[in-house]
Amino acid sequence: MKFTPSKPALTGETLGSLTARLEERGEPGFRARQILDWLYKKRARSWDDMTNLPLALRAWLDATFRLMPAELVLNKQSGDATDKLLLEMEDRSLIETVIIRAPQEGVGIDHSRKTICISTQVGCAMACGFCASGLAGLKRDLSAGEIVAQLLHVCHREDGHTPRAREEIASFDNIVVMGMGEPLANYDALIRALTIVNADWGLGFGARRITVSTSGIVPKILKLADEPLGFRLAISLHGATDEVRTQIMPVNRAYPLDKLIPAIKAFSARHGRMVTLEYILIRDVNDSLDQARRLRAIARDLHAHVNLIPYNTVDGLAWVRPSITRQNVFADVLRDAGLSVTLRREKGHDIAAACGQLRLKTEQDRGDGGASPPPEGG
Ligand code: SAH
């Protein structure tokens, strides 16, 4: 399960770690910033692009680091709504990075909100019953460099608007850590990656515009609350009672609602910002009026925003999304109580937008088994 790359990725280095490596080699301290500027500000795609570095240093960098730890193998576009990048790592593992454009009401597509959704693991161990990413279990964690590289690939894509990585990233409204994997189960790499994404020597993207989404690993939520960078938090709730939630999310056995809810409260108290509760609507599983009322009580108690997501069909899973009428009835229970609610109309259905499905299809096509089975109790 552990993967050791042939060389570490430059995209996983911080200003501090790169400076230390260069100083060991007797290079002046300013070189680290120069190199990171080439990567994040100027969008260098090869060592030879870094024209103000001495040739010997470029050769050493080439021998010591991989500039990018992933390659783009597929860029699928679904009209104006979604772009999916399928990336291949050195060990042939596949991950997905998604660009979502959600038009704002009354405003043309050019003024829509643009979000990048990144992955943190290859596969996932959480085994949520509705999710394509967890179907084959966890293959491995991504390194910090592999997490950051996803954003550089977004900057490098052909229809990018500016040749500078930082400016390209700045044209997005949000980065959400909601792709494949459970981010809080790969905690150290996640924080290192987001530190690089946020830093002025990195991509310079504001922590308040970065949302970490979790299935609810309570001790790690509390740890995240103590991080100096104030990221936003989204919780995949998907059930408003332990009985319903456990049925579709095994993590609820270890961290049931009476542990999860206080942890969310502690997080919002620390950051003074609204947490988002994500709630997939699955017919006859969690879409009853009783669940709606209980969700209303939880959201009120937490002062949370609720994001309702009609279940997106996953090949091989038998769940069904409720009718539009039923979705609206559920949403109205929350709205009538004055809560902040969005009912997402799923984007990119036609390109297998639900989490992990593009990777699954590609692995099936190329006949890879690859991933290990879900853990005991999952
Ligand atoms: N592990 C983290 C982040 C990845 S899953 C977490 O659990 O939050 C992020 C989101 O993907 C889930 O909350 C859910 O909203 C969405 N998702 C997964 N499978 C889905 C499906 N079949 N239909 C709709 N949304 C899905």
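Predicted model: local features only at pLDDT ≥ 70, side-chain atom pairs only at ≥ 80, totals over all residues.
Residues are numbered from 1 along each chain as its sequence is written. Local features need pLDDT of at least 70, side-chain atom pairs count only at pLDDT 80 or more, totals for chains, interfaces and linings use all residues, and side-chain values use heavy atoms, with hydrogens and water left out.

Start with confidence. The score pLDDT is the predictor's confidence in each residue, from 0 to 100. Its mean over the protein is 88. A value of 70 or more is reached by 87% of the residues.

Now turn to the ligand. Which residues come nearest? Among the 19 residues around the ligand (a heavy atom within 4 Å), they are Phe-130, Gly-181, Ser-213, Ser-236 and Asn-312. The shell holds 9 nonpolar, 8 polar and 2 charged residues. Here Ala, Val, Leu, Ile, Met, Phe, Trp, Tyr, Cys and Pro count as nonpolar, Asp, Glu, Lys and Arg as charged, and the others, Gly among them, as polar.

Look at single atoms next. A side-chain N or O atom of Ser-213 is 2.6 Å from a ligand oxygen. Glu-182 places a polar side-chain atom 3.1 Å from a ligand nitrogen. Thr-214 uses its backbone: an N or O atom there lies 3.4 Å from a ligand oxygen.

How much of the ligand does the protein bury? Alone, the ligand exposes 530 Å² (Shrake-Rupley method, 1.4 Å probe), and the protein buries 94% of that.

Methods. Polar contact = N/O pair within 3.5 Å; in protein donor to acceptor, adjacent residues only side chain to side chain.
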